[in-house]
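Subject: Structure for your review

Dear colleague,

Please find below the structure that I am handing over to you. I would be grateful if you would look through it alongside the notes that come after it.

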Amino acid sequence: MPDKETILVVDDEPDILNLTKKFLELGDFNTITCSNGKEAMKIIKEKGDDIALILLDIMMPGMSGYQVLETIKTDDELKDIVVVLFTVKSFNEDIQKGKRLGADYYITKPFSGKELLKKIKEILNKD
Ligand SMILES: [Mg+2]
């Protein structure tokens, strides 16, 4: 049996982190969570090879999701990691900016656990 895939969830809202973690674990994924961009970069540099996908919030104090995204996508060793931006549905500009910076996919908030798992499974099965 293959190992469970690991998803890094980065969001400054504890409720979203907890909820997402719960859903992902129900979907049989391993999760790593953190609440800011700086910590996310540290985890990515240490465990990048083990991370199948990053779910990344945009609006966070300190290093924003955009900055994390740009750092990943301009680094030759990290750029192949799949980055899924968590965006608020009404903010179309976020999607445009994320696209320019190399985001692979988007999940809009608010989301249901069922949708989240479906989308992540679709994304990971494409690789
Ligand atoms: Mg946020």
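The notes below go from the overall fold to the strands, the helices and the core.

Please bear in mind that this is a predicted model.

Overall fold

The protein contains five helices and five strands, and along the sequence these follow the pattern β-α-β-α-β-α-β-α-β-α. Its C-alpha atoms occupy a box of roughly 35 × 35 × 25 Å along the principal axes. The radius of gyration is 13 Å, which agrees with the value near 14 Å that a compact globule of 127 residues would have. Of the 127 residues, 27% are buried. Among contacts with a separation of 6 or more, 62% are between residues 24 or more positions apart.

Strand S4 (residues 82-88) is mostly covered, with five of its seven residues buried. Strand S3 (residues 51-57) runs parallel to S4 and is joined to it by five bridges; here Ile54 stands opposite Val83. Between S3 and S4 the chain passes through helix H3 (residues 65-73), and this β-α-β crossover is right-handed. S4 also pairs with strand S5 (residues 105-109), again in the parallel sense and over five bridges. In that pairing, Leu85 has Tyr106 of S5 as its bridge partner.

Which residues of helix H2 (residues 37-47) are buried? They are Gly37, Ala40 and Ile44. These residues cover an arc of only 50° around the axis, and therefore lie on the same side of H2. The face turned away from that buried side carries the exposed residues Lys38, Lys42, Lys45 and Glu46. The buried residues of H2 are covered by elements including strand S1 (6-10), strand S2 (30-34), S3 and H3.

In H3, the buried residues are Gly65, Tyr66, Val68, Leu69 and Ile72. Seen down the axis of H3, they fall within an arc of 160°, so they line one face of the helix. Their cover includes S1, H2, S3, S4 and helix H4 (92-101).

In soluble globular proteins, nonpolar side chains tend to be buried together. The largest nonpolar core in this model has 24 residues, and those with the most contacts inside it are Ile7, Val10, Ile54, Leu55, Leu56 and Val83. At least two residues of this core come from each of S1, helix H1 (14-26), H2, S3, H3 and S4.

Two of these residues can be followed further. Val10 lies in strand S1 and counts as buried because it has 27 C-beta neighbours inside 10 Å. Leaving out residues up to four places away in sequence, Val10 touches Cys34, Gly37, Ala40, Ile54, Leu55, Leu56, Asp57 and Val68. Gly37 and Ala40 are among the buried residues of H2, and Val68 is one of those in H3. Val10 and Lys22, by contrast, are 12 residues apart in sequence and 14 Å apart in space, C-alpha to C-alpha.

Leu55, apart from its neighbours within four places in sequence, is in contact with Ile7, Val9, Val10, Thr20, Val84 and Phe86. Of these partners, Ile7 and Val10 are also listed among the core residues with the most contacts.

Yours sincerely

How values were computed
Residues numbered from 1 in each chain as written. Predicted model: local features only at pLDDT ≥ 70, side-chain atom pairs only at ≥ 80, totals over all residues. Buried ≥ 20, exposed ≤ 12 C-beta atoms within 10 Å, placed from the backbone. Helix = DSSP H or I, 4+ residues; strand = E, 2+ residues; numbered from the N terminus. Pairing = 2+ DSSP bridges. Right-handed = clockwise from strand over helix to strand, strands pointing away. Arc of directions from axis to C-beta. Contact = placed C-beta atoms within 7 Å. Rg over C-alpha atoms; globule rule 2.2 N^0.38 Å. Core = buried A, V, L, I, M, F, W, Y, C linked by C-beta atoms within 7 Å.
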